[in-house]
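Welcome! Please open the model in your viewer and get ready to select a few residues along the way.

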Amino acid sequence: MGWGDTELPNASLASQPHGCFGVVNLSLSLNVTQPKAIASPWFSTAFGLIGLCSNLFALYVLLSSSRQLSSRSRSSFLVFLCGLVVTDFMGLLVTAAVIIPYHFTKFNWAEVDPGCHLCNFLGFSMVFFGQCPLLLGATMAGERFIGINRPFSRSTSVSKRRAWAVVATVWGFSCALGLLPVLGLGRYTLQYPGSWCFITLLPDAGNVIFCLLFALLGVCSVLLSFVFNTVSVVTLCRVYHDRESVQRRRDSEVEMMVQLVGIMVIATICWMPLLIFIIQTTVQQLRAGDPLQVLPGQTQQLLLIYIRMVTWNQILDPWVYILFRRAVLQRLHPGLRARPSLLSLYPVLNPSLRRKLTQE
């Protein structure tokens, strides 16, 4: 998504105050004081291809690993990771299929999409594929929190089928959220510099409700991930540093937590600026009490910058798993070797229950 393009066939859309056009001043790019293009079509295409290839490679590694595992906790975690990688891959593929052709053809949205169907689809994709990774990250953090702090209650409740059901539920919830503007709550509109569509940061009731819903849900997902992961890491550190229990840790649990923390850090860095910006802009416009018809130029440009930061989340996520696998970690830290599971924290067990739990 390059901005500052000098060719703007869509500049006339700024005079259309209806539908999905007219809420941004696309003629901003005609200002000679601005730099020309800080991201060329080839730049956007190259990073799109890097993201797609990275996610495909991560998916291949995940599928290869899942065939070699008998641990239920690890296999269910891989299901969540697969759901995350597939979501990131499809998000890059769908959005790039619209945005990159625009950069090369500079098509006129009013002619190509007079009914705003393509714009609504692109806006829905941005919301759906944006909210899914955050919700999946919080779900994975919650699953690991239960697995580490409540191993007995979790051990009989999560299977591959149930894990995929949870992923499908997240997808369904995100889909319902993305359809709200299509159903009348808020609207998707063309954004500066005319290459993409997203939620509308204007201070009318529908847009305000949807913007706050989208942003607050994302912030809550990041905060939940932080809380769950922090407690889980503290628990593992206590076991790890307990000299009497140093053999009780299980490297797979450490590996999963390292990956989860990496996913959380990337999501926080990439997403929090955008989410906070949406909340801040919406609240400020409500306090101003002066209804705007067109977003200010600075708001449009900041929104684009923050969206670019978000796209890095989809590119970096797969590398968290690729680089932080146990095989890679053991090369960096040869002391990591297979250890008994956390179940060894509970040495006195009913024999049948122990057999059942150790099978996982």
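Are F198 and F214 buried or exposed? Select the two of them to find out: both are buried. Bear in mind as you look around that this is a predicted model.

Next, colour the stretches that the UniProt record, an unreviewed entry, annotates as "transmembrane region": residues 42-63, 75-101, 121-142, 163-185, 205-237 and 258-283. Zoom in on residues 75-101, where the chain is 100% helix and 0% strand. Then move to residues 163-185, with 91% helix and 0% strand; here the end C-alpha atoms lie 31 Å apart.

Now for the aromatic rings. The structure holds 10 aromatic pairs. To see one of them, select Y102 and F107: the ring centres are 5.3 Å apart and the planes meet at 85°, so this pair is edge-to-face. Y102 has 0% relative accessibility and therefore counts as buried. F107, at 16%, counts as buried because the cut-off is under 20%.

Go back to F198 and F214, which also form an edge-to-face aromatic pair, with 5.9 Å from centre to centre and 85° between the planes. F198 sits in strand β2 (residues 196-199) and F214 in helix α7 (residues 205-241), so the pair ties together parts that are 16 residues apart in sequence.

Notes:
Residues numbered from 1 in each chain as written. Predicted model: local features only at pLDDT ≥ 70, side-chain atom pairs only at ≥ 80, totals over all residues. Heavy atoms only, no water. UniProt positions renumbered as here; feature names shortened; annotations may be inferred. Helix = DSSP H or I, 4+ residues; strand = E, 2+ residues; numbered from the N terminus. Phe/Tyr/Trp six-rings, centres within 6.5 Å; stacked < 30°, edge-to-face > 60°. Buried < 20%, exposed > 50% of the residue type's maximum accessible area, 1.4 Å probe, protein only.
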